[in-house]
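Biologist: Please pick one part of this model and take me through it closely. Then connect it to the rest of the chain, contact by contact.

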Amino acid sequence: MPKAASLVVAGLLLASPAAAQVVDSNANSPSLPSAAVGDTTHLAMGTYVQSGFSYRTPTSYVGQQDPSGFEFGNARLLGRGTQQLGEDIEAKLVLDFEVSRGAFFVQDVFGTVEVKKGLFSVDVGQMKVPMALSCLTPESQMQFALVAPGLRDLFYNRDRGVRLRSHLDLGSAYVGLWAAMQNGEGENVQFNANKHFLFSGRAEVGPLGEVPLGEPDLKRSPFRFVVGGGTAYTDRQSRSGAAFTAIDNGSEDLRLAGDVRAHVLGFSFRGETIHGWVKRTDGSKFERSVFSVQAGYVLPLDLPFALEPVARLEQHDLNDTLGTTGTTDDVRNLWLPEFANQRLYDVGMTAYFNAHRAKVSAMWRRTDFLEGAKDSTGAARNPVGDAVFVFGQLGWF
C-alpha cells in the first residue's frame, strides 16, 4: 500500500467518529459502527484507564504487606473487528491488552463466528472462563474501584481454548448459555503442560428480560432480574495465584457458582457465591468459599453528573483447613492471613460524568479477620485493617 494511503487508513482508525463503540468482549452486540473497509468489514479501537490512590492501615501480621500509594486498576488497549461472512453469519475479533505494568499483557484475544446475531457463537483463543458472574462483568463497568477480592481469587478468570455461547430472546424472557473447554493453565501460558483440561459451563435466565452485565442502572430500567449459575472442573489443577499454593498443583478441583442480579429505576442489586472442593494428590481435601452482596442507587438529582452510593458485604475463606495461630507477630503466620476467614465491608460513592467514559469512585473498606491469631498482647483477636481507595476512569470506547 502506498505510504499516503497507509496514513489515511491509520487516521481513520485512530480518529474514528464519536459514534464508534468498543463493546465488552462478553457482550452480544451488533456490528461496530466505526471505520469501515467496504460495506461489511468494520474495525474499532479504544482504550480506558483506571488510576488512583490507595491507603491501607498497617496490620500487625509479620510479613503482611499493607502498601499505600498511587496504583492502576487497569489500563487497557482495546480492539474490535467484525465482517460479514454470509447473510446470517459474522466473524468477529476481540483484542484486549493490559499496559499498566509497562508492557503489553494479553487479556482477551479471540476470534468468533456468530450466527444470527448471537443465537449461537463460537469463540477460539484466550477468553474468560464462563462460570462466575463477577468474572464476566466488564471491569470498565463496575460500581466500585475494585472487584471483591474473594470473588477474584475464586473465579477462574482467563484461559485458552474454545467457548460456545447462545443468547436467546424468548418473547419477554431471556436465556444465556455458555460452555467451554480450556487448557486450565491460566492466562498467557502458551501451551497445555499436563495434557489435562478445564471444563466449565454457565446458564442464566431472566423471566422479564435481560439485565446488562454492567453493575449500575444508569438508564433507570424497568424491573428485571436474572438468575444464573455455573460450574468448572479439572482433574489436575495447574494454575497459580492467591487461591492456590504449591502443594495444590496437580489436585482435582470442582467449583460451583450461583448468582442473581437486578435493575429497577436506578437501583441495582447483585448477590453471588462460589464454593470449591479440592482433593490433593496426597489424598487430603479442603474446601473454599466466598459470598458477596452489593447494591447501589443512582440518586434522582438534577446534577450535571449521576451520583450513586454503593455498599458491599463480602466474606471469603480460601482454605478451610488453613489460617493463623498464635500471635500476629509470630513468624509462622507469614502470609497465612491470606487464607484466614475474612469479612469485608465496602462503602462508596461513584460519580458518573459521562457514564463509564468518565467517572470517579471513592471506597472505604473494613477488613475483619473472623479466625486466627491475636495481636501480640493477646487482648484483641483478629486485627482489623481499614483501607480507602479513590480511583478515576477515563475511557474512549
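**A close look at one histidine**

Modeller: H356 is buried, at 11% relative accessibility. Buried here means under 20% relative accessible area, exposed means over 50%, and partly exposed lies in between (1.4 Å probe, protein chains only). This is a predicted model, in which local features need pLDDT of at least 70 and side-chain atom pairs count only at pLDDT 80 or more, while totals for chains, interfaces and linings use all residues. Residues are numbered from 1 along each chain as its sequence is written, and side-chain values use heavy atoms, with hydrogens and water left out.

Start with the location. H356 lies in the loop between strand 15 and strand 16 (358-369). Helices (H or I, at least four residues) and strands (E, at least two) are DSSP runs, numbered from the N terminus.

Next, its polar partners. The side chains of H356 and K359 make a polar contact of 3.0 Å. A polar atom of the H356 side chain also lies 3.4 Å from the backbone oxygen of S140. A polar contact is a pair of N or O atoms within 3.5 Å; within protein, one must be able to donate a hydrogen and the other to accept it, and residues adjacent in sequence count only if both atoms are side-chain atoms.

Now the wider contacts. Not counting residues up to four places away in sequence, H356 touches S140, Q141, M142, P216, L218, Q393 and F397. Contact means heavy atoms within 4.5 Å.

Step back into strand 15 (residues 342-352), where D346 is found. D346 is buried too, at 2% relative accessibility. Its side chain makes a polar contact of 2.8 Å with the side chain of R365. With residues up to four places away left out, D346 touches F144, V310, A311, R312, M363, W364 and R365. D346 and V388 are 42 residues apart in sequence, and their C-alpha atoms are 9.5 Å apart.

What does the nonpolar interior look like? The largest nonpolar core holds 18 residues, and M131, A132, F155 and I274 touch the most other members. Such a core is a set of buried Ala, Val, Leu, Ile, Met, Phe, Trp, Tyr and Cys residues joined through side-chain atoms within 4.5 Å. Take I274. Beyond four places in sequence, I274 touches M131, A132, L151, L154, F155, L256, A257, R288, S289 and V290.

Now a loop with other cover. L119 is found between strand 5 (105-115) and strand 6 (120-128). L119 is partly exposed, at 38% relative accessibility. L119 is in contact with R165, S166, H167 and L168, leaving aside neighbours within four places in sequence. L119 and H167 are 48 residues apart in sequence, yet 5.1 Å apart in space, C-alpha to C-alpha.

On to the rings. There are six aromatic pairs in the structure. One of them joins F97 and F104, edge-to-face, at 5.9 Å centre to centre and 75° between the planes. Rings of Phe, Tyr and Trp (its six-membered ring) pair if their centres lie within 6.5 Å; planes under 30 degrees apart count as stacked, over 60 as edge-to-face and the rest as tilted. F97 is partly exposed at 23%, and F104 is exposed at 58%.

The charged end of R101 is over the ring of F105, 3.9 Å from its centre. The charged end of R163 is over the ring of F110, 5.4 Å from its centre. The test is NZ of Lys or CZ of Arg within 6 Å of the ring centre and within 35 degrees of the ring normal.

Two backbone details. Most residues other than glycine have a negative phi. N157 has a positive phi, near 60°, in the loop between helix 3 (149-154) and strand 7 (158-170). K195 has a positive phi near 65°, in the loop between strand 8 (173-182) and strand 9 (198-206). K195 is exposed, at 70% relative accessibility.

Last, the whole chain. It has three helices and 17 strands. Buried residues make up 46% of its 397 residues. Among contacts with a separation of 6 or more, 62% come from residues 24 or more positions apart. The chain exposes about 18,300 Å², with 64% supplied by carbon and sulfur atoms. Accessible areas come from the Shrake-Rupley method with a 1.4 Å probe; for residues, only the protein chains shown count as cover.
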